[in-house]
Amino acid sequence: MEISKCILLTGAGFTHNFGGFLGEEMWTEIFNHPEIQKRQFVRELMLDDNDHDYESVYNKILWDSKYEYLSKTDKEAVRNAVYDAYLRNEKKTANGILSIYRIQEFIMRFQGDNNSHGFFFTLNQDLFIERTYLGSRKQLTLPWVKKITGLTGDGGDEDFIRLPSEDEVKSLSLISLNMEEFHYVKLHGSLNWRSCHGQNMMVIGGNKKEQIDREPLLKRYYEIFENVLSVGDRKLMVIGYGFRDEHINDTIINAIKEKGLKLYVLSPKNPHAFIKRVAPEIANGLYGYFAYNLFQTCKESADYFHNTMDERFFRI
């Protein structure tokens with residue numbers, strides 16, 4: 001199958017443009033949750049964490065054997081607080097009055113043409129794209145998941161989507177994807193997904209690859225991510241991802257080293273700080289850095305932004 005030349009990957013910083021929480025804001029939402037404030041051990045653990053990283057705390061409490069002494073009530077409080085923080089994030093982005101037409105126009109550039117498959121990968125679990133995206137040429141769909149329609153983001157039963165079982169996933173492959181669709185691949189699950197066994201399906205914490213491998217569809221999604229980046233002579237645009245997930249970084253690095261993947265980053269942060277912070281292999285694969293605030297640029301300087309992206313990313 002032919003893969004579009006330009007591929008998109010987004011992280012939490014993408015929806016932050018539209019009011020979504022960043023990691024430190026998620027930490028405060030979870031820490032302030034009434035159930036956390038009632039659990040003294042959990043509260044102290046969050047305060048003692050050097051990075052104040054909610055995913056780190058989540059991983060320690062739910063997966064680290066050193067914290068087995070915590071009660072089921074403690075662990076359930078963390079699960080509830082994290083899930084409620086994601087719901088609050090969802091409502092925050094849903095309630096904003098925003099014009100995102102130019103953002104949609106930008107995303108459409110990754111659709112591919114009539115002879116190629118377009119891929120939009122994300123590490124986000126919110127429903128922002130499902131609620132707001134309207135494609136002009138291709139229908140945006142979640143591969144092998146119910147079509148993106150009628151989602152409210154309120155967490156009601158009508159929103160939940162049960163993922164296919166292992167037996168059902170065995171028959172799914174890249175070649176079964178519809179050329180007339182724009183493929184939106186949620187690598188870390190989604191707020192409104194339930195696993196094939198009925199549990200919440202969001203990948204959070206420090207053992208993400210293990211969590212992915214336990215869910216058949218997410219495992220297949222990750223294989224797609226690896227395959228698409230490894231096609232050769234492709235360009236990956238990254239927006240809002242901090243390059244902190246080892247499994248994602250490993251796949252990007254392998255594609256850079258083995259298949260000539262070219263990396264482009266769109267971020268308002270200092271490019272020199274970015275280059276110093278990421279692994280040398282990632283920095284070596286960087287071919288473009290666009291120091292833009294995506295929402296403000298598309299809103300206030302739309303023509304300049306789109307012309308720049310056209311000349312420096314899509315055309316070359």
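Buried means under 20% relative accessible area, exposed over 50%, and partly exposed in between (1.4 Å probe, protein chains only). The model shown here is predicted, so local features need pLDDT of at least 70 and side-chain atom pairs count only at pLDDT 80 or more, while totals for chains, interfaces and linings use all residues. Residues are numbered from 1 along each chain as its sequence is written, and side-chain values use heavy atoms, with hydrogens and water left out.

**View 1. Two loop residues with positive phi.** Let's start with aspartate 233, which has a positive phi of about 55 degrees although it is not a glycine. Look for aspartate 233 in the loop between helix 11 (216-229) and strand 8 (235-239); helices (H or I, at least four residues) and strands (E, at least two) are DSSP runs, numbered from the N terminus. With a relative accessible area of 45%, aspartate 233 is partly exposed. Phenylalanine 243 also has a positive phi of about 55 degrees without being a glycine. Its loop lies between strand 8 and helix 12 (246-259), and phenylalanine 243 counts as buried at 7% relative accessibility.

**View 2. Strand 5 and its cover.** Strand 5 (residues 181-186) is largely enclosed by the rest of the structure, because six of its six residues are buried. On one side you will find Glu181, His183 and Val185, and on the other Phe182, Tyr184 and Lys186, so that both faces are covered.

**View 3. The partners of strand 5.** Two strands pair if DSSP finds at least two bridges between them. Strand 2 (residues 118-122) runs parallel to strand 5 and is joined to it by five bridges. Follow phenylalanine 120 across to tyrosine 184 in strand 5, which it stands opposite, and phenylalanine 121 to its bridge partner, valine 185. Strand 3 (residues 139-141) is also parallel to strand 5, with three bridges between them; here glutamine 139 stands opposite glutamate 181.

**View 4. Strand 2 and strand 1.** Five of the five residues of strand 2 are buried, so this strand is largely enclosed by the rest of the structure. Gly118, Phe120 and Thr122 point one way, and Phe119 and Phe121 point the other way. Three bridges link strand 2 to strand 1 (residues 6-10), and the two run parallel.

**View 5. Helix 5, mostly covered.** Seven of the ten residues of helix 5 (residues 54-63) are buried. They are Tyr54, Glu55, Val57, Tyr58, Asn59, Ile61 and Leu62.
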